[in-house]
Amino acid sequence: MVISIDLGGTKIRAGLVDGQEISRIQYEMCKSQGTEEEVIDQLVSLAQDLMNDKVSAICIGVPSVVDPEKGIVYDVTGIPSWKEVHLKDIMEERLGKPVFIDNDCNCFALGEYHFGKGKGSKSMLGITLGTGVGSGLILDGHLYRGVNTGAGEIGAIPYLDKDYEYYCSSRFFTGKGTSGKEAAEKAMADDPAALELFREFGVHVGRLMKLAMYAYDPSCIVIGGSIANAFQFFEPSMKAEMKDFAFTNSLLNISTLRSESDYIILLGASMLCAK
C-alpha cells in the first residue's frame, strides 16, 4: 500500500493505492501563489491524514522537470515559488517513509500502461490535453524519461506561429475568446460555432498525433486531460487529419484512445516504487 499524490497548480489530489484499488481519495486547492513551504505543508498534511501502518512509500507526480534519483523538482508549472525543491529529502525527513517523485505526465503514462487503456500494448504514448500539453512515453514496456524526465514533451515543438501546446491545449480556446469548458457546453447543445471550433481543434491534435507517430511509432496513444472530456467533438477531425500519414500499415495498427479514469495519475504514481 502506498500514498499517491498528484500535485497540480490548481488542485492537489491524494489517495491510498493498494494494487489496482484506490481508497480514501482526498483533495484540496493548492496554495499555488504561496511560499514553497506552504505547499510542502499541504503535501505533508495530506500524507499524514492517509498514513497507516501498511503504507510502505509515498509516490508523487508533479508538473515539472524532475531529477528522479535525487527527488529534486525544478520550475513547477503553476507554482511560482517552486524553483528548486528538494522534495524527496524534505518529505522523507518529515514523514519517515521512502518518497518517489516523477513528472505527472510520466505518471499518467504509467497508469494507462499498467491499469488503463494502454494495458497490453508494447509501446505507448500518453498525452494530456489541458492547460498545456504533456506526454509520457513507454518504450518496449519501460518508462523512458530522458535525462531530465523531459522525453516525449512534443507540445513544446514549434508549430505554425507558436507551438503545438498553444494549438492543442486550453490556450487554443482562450485565444478564440472562450474556454474549453464553455465551448464543450455549447457543443453539447449543438451550437454550430462551438462544433466548428472543436473541428478546427481536432485538426491540430491530428497533426500532433502524426508527429508522435513519426517520432515514436507507438502501438497506442492514450489521450487524457480535461479537454479529453470533449473527445467526441474533436475525434472525427483528428482522425480525418491522420489519414494522410505516410506509413499506411502503422496507421492501420495504431490505437488512439481516450482515458476513462479520473485517478489514473494516482495509480501511475504508485508504480514509481515498483521493483
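Student: How many bridges join strand 14 to strand 15?

Tutor: This is a predicted model, in which local features need pLDDT of at least 70 and side-chain atom pairs count only at pLDDT 80 or more, while totals for chains, interfaces and linings use all residues. Residues are numbered from 1 along each chain as its sequence is written, and side-chain values use heavy atoms, with hydrogens and water left out. Strands here are DSSP runs of E with at least two residues, and helices are runs of H or I with at least four, numbered from the N terminus; two strands pair if DSSP finds at least two bridges between them. Strand 14 and strand 15 (residues 255-258) run parallel, and the bridges that join them number four.

Student: Which residue of strand 15 stands opposite Cys220?

Tutor: Cys220 belongs to strand 14. Its opposite residue in strand 15 is Ser255.

Student: In which order do the five strands of the open sheet follow one another?

Tutor: Strand 9 (residues 124-129) is joined to strand 14 by five bridges, in parallel. Strand 9 is also joined to strand 10 (residues 133-139), by six bridges and antiparallel. The pairing in the sheet is mixed, and the order is 11-10-9-14-15.

Student: Are the residues of strand 14 buried or exposed?

Tutor: Buried means under 20% relative accessible area and exposed over 50%, with partly exposed in between (1.4 Å probe, protein chains only). Cys220, Val222 and Gly224 point one way from strand 14, and Ile221 and Ile223 the other way. Strand 14 (residues 220-224) is largely enclosed by the rest of the structure, because five of its five residues are buried.

Student: At about what angle does helix 8 run to strand 15?

Tutor: Angles run from 0 to 180 degrees between N-to-C directions, with axes as lines fitted to C-alpha atoms, for helices over the stretch in contact (heavy atoms within 4.5 Å). Helix 8 (residues 231-242) lies across strand 9, strand 14 and strand 15. Its angle to strand 15 is about 165°.

Student: Which strand does helix 7 run to at about 150°?

Tutor: Helix 7 (residues 192-216) lies across strand 9, strand 10 and strand 14. The strand to which helix 7 runs at about 150° is strand 9.
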